[in-house]
2 protein chains.
Amino acid sequence: MRPRIDVHICETGPRDGLQNLDLFLPTEAKCALISQIAAAGVLEIDAGSFVPPKVVPQFADVSAVIAHSLTHKDIVTGAVVPNAKGAERAIAAGVQAIYFVISASKTHNLANVRRTVAEQIGGFKAVRAQIDALPVERRPHLMGAISTAFGCSLEGRVAESAVCALAEAYAASGADEIGLADTVGYGTPPQIKSVVKAVRAAVGAEMTLRLHLHDTLGLGLANAVAGLEVDIRRFDSAVSGLGGCPFAPGARGNIVTEDFVFMLEQMGLSTGIDLDRLMQTREILKAHIPAHLLTGHLYDAGIPKLLRTVA
Amino acid sequence: MRPRIDVHICETGPRDGLQNLDLFLPTEAKCALISQIAAAGVLEIDAGSFVPPKVVPQFADVSAVIAHSLTHKDIVTGAVVPNAKGAERAIAAGVQAIYFVISASKTHNLANVRRTVAEQIGGFKAVRAQIDALPVERRPHLMGAISTAFGCSLEGRVAESAVCALAEAYAASGADEIGLADTVGYGTPPQIKSVVKAVRAAVGAEMTLRLHLHDTLGLGLANAVAGLEVDIRRFDSAVSGLGGCPFAPGARGNIVTEDFVFMLEQMGLSTGIDLDRLMQTREILKAHIPAHLLTGHLYDAGIPKLLRTVA
């Protein structure tokens, strides 16, 4: 029996953590990483991206990786999909969740998927139609993700109205969930609360919302707490804080799953994740990835044992 | 004319940042650091500790450093004092603020100052009497600091009641301000709020409270935001996140002043600090202190220029 879950974590290390990496993580290492994540009791994994291999060579093996992830029955296997073609491949691979991506920043959207926001909404509708054409039991969960929802490295601040407009388009086009992504880590805690409330007002409180946070400026966990305070209960995070930006060599990546889980434990919130097993993912990563790209306060300071005995 | 100040920051790098350092920072470097901190517009500096030089050799030059700090007229020069003897020296040196230290954890207090908590309260009263014997215009501000208020590396969790009892003793003994210190960085945002509220209920809302936060487990800025949310407006922090613990080699120190100031700016809260000048303290530090002891997300990621143009 699953323990009580207060906060649902989707591990995005195998996708967002790897997509900007300058080296190819061998397929066996990706699979070992996913097995360890599943063994730790993580509920959902963002296991890869169905982009053209020419654009992101890291995901040339995505179908094999998804096939491996699907052998773990207790974890939901998801993947990023940028267009209808990608959705075809993702569905053929058997993914259980599709994360469709549109940026709230027009400039970022053009740079990221080479289409306008309006064209991308058309693409999302096409994916919804593809999914609806499947038998009910084979339909993946469809999340509409809003990139750069809290700021953009190309445009700076992003208007809340742009985020709400995109959320409304997703909701009207049949999204099962909407993801709000602080792609570059520019958000602040008050902003997280404000955007979440505005989006909820725009699409209705029944819509499930998810936060995807980066720690670029050190505000990742502060922003996660802000999300918790406005009743967000679904988050993306990455083991070892994978996911730095290639244009900012020292910049941190996603919020660190290990640190996030420990914080939640200390706050009395359950994730169902075995922290000690989760920490073992570091062994897999450090065999392939340079040490300066692997972060985490718990790794550096050690897990304070006196705090855990009472937890 | 001073700009509007929303959040008062006390730079504790020259004291808490150095006290566990394995090397002696030359007096000239300490003075250069303080001059740069003052030039950046910081309002208050914790410039050293009047402990016996045999116990902490780093502060053998504390009186000379204080004398230098006092030449900067726009900054309040403060120092830590563990006992009446230290207070005598601090007053002779002309400090404008005294930070007296007692731990909420009994074990930590014995290890830190070799006295029981009750004995330390007696010591605080003696310091209050020393100050009150001075002419009014020469009396330093007296803060009663509560170490390990949010957890202890020796005892683990620390009871809120112990923190409140100590705060009451300080208030009854004439403290001008009470400092709540997360000495080892074990606090969580809900805990920060809970302890602040409990202490306020115990000593009255008129008492000025200050937070001193460490980033050991990555929660430093999240805890600072929690403090802001319960109306704390005075914080300690350290440039380059100085202040790691000698027993946990990779552990982070105090919250990073640069990252904290940037976060506050982004939240629309003014500190009166010139961030660019503050960032220049790194040049002074890196000439003397090993790179792995100097941290900061802004240093690693770069200041996002697009965010600052609108601020």
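1. Let me start with one residue in chain B. With 16 C-beta neighbours inside 10 Å, B:Arg139 counts as partly exposed. The scale behind that word runs as follows: a residue is buried if 20 or more other C-beta atoms lie within 10 Å of its own, exposed if 12 or fewer, and partly exposed in between, with C-beta atoms placed from the backbone. B:Arg139 sits in the loop between helix H5 (117–132) and strand E5 (141–147) of chain B. Helices (H or I, at least four residues) and strands (E, at least two) are DSSP runs, numbered from the N terminus. Leaving out residues up to four places away in sequence, B:Arg139 touches B:Ile131 and B:Leu134, where contact means that the C-beta atoms, placed from the backbone, lie within 7 Å. From B:Arg139 to B:Ala201 there are 62 residues in sequence and 28 Å in space, C-alpha to C-alpha.

2. A word on what you are looking at. This is a predicted model, in which local features need pLDDT of at least 70 and side-chain atom pairs count only at pLDDT 80 or more, while totals for chains, interfaces and linings use all residues. Residues are numbered from 1 along each chain as its sequence is written, and chains are lettered from A and ligands numbered from 1 in the order in which they are written.

3. Chain A gives 33 residues to the contact and chain B gives 33 residues. In chain A, helices H7 (189–203), H8 (220–229), H9 (257–266), H12 (297–301) and H13 (305–308) each supply at least two residues of the side that touches chain B. That side of chain A divides into 20 nonpolar, nine polar and four charged residues; here Ala, Val, Leu, Ile, Met, Phe, Trp, Tyr, Cys and Pro count as nonpolar, Asp, Glu, Lys and Arg as charged, and the others, Gly among them, as polar. The copies meet through the same surface, because 100% of the interface residues of chain A are also interface residues in chain B.

4. Next, the parallel strands of chain A, where two strands pair if DSSP finds at least two bridges between them. Strand E4 (residues 97–103) and E5(A) pair in the parallel sense over seven bridges, with A:Ile102 opposite A:Ile146 in E5(A). Four bridges join E5(A) to E6(A), again parallel, and A:Met143 has A:Glu177 as its bridge partner in E6(A). The chain crosses from E5(A) to E6(A) through helix H6 (residues 160–172), and this β-α-β crossover is right-handed: with the strands pointing away from the viewer, the path from the first strand over the helix to the second runs clockwise. Six of the seven residues of strand E5 (residues 141–147) of chain A are buried, so this strand is largely enclosed by the rest of the structure.

5. The pattern carries on to E7(A). Strand E6 (residues 177–182) of chain A runs parallel to E7(A) and is joined to E7(A) by six bridges, one partner pair being A:Ile178 and A:Leu209. E6(A), H7(A) and E7(A) form a right-handed β-α-β unit, and so do E7(A), H8(A) and E8(A). E7(A) pairs in the parallel sense with strand E8 (residues 234–237) over two bridges, and A:His212 has A:Asp236 as its bridge partner in E8(A). Since five of the six residues of strand E7 (residues 208–213) of chain A are buried, the strand is largely enclosed by the rest of the structure.

6. Two backbone angles are worth a look. A:Asp231, in the loop between H8 and E8 of chain A, has a positive phi of about 70° although it is not a glycine. A:Asp231 is exposed, with 11 other C-beta atoms within 10 Å. A:Ser240, in the loop between E8 and H9 of chain A, has a positive phi of about 55° and is not a glycine either. A:Ser240 is buried, with 24 other C-beta atoms within 10 Å.

Conventions: Contact = placed C-beta atoms within 7 Å.
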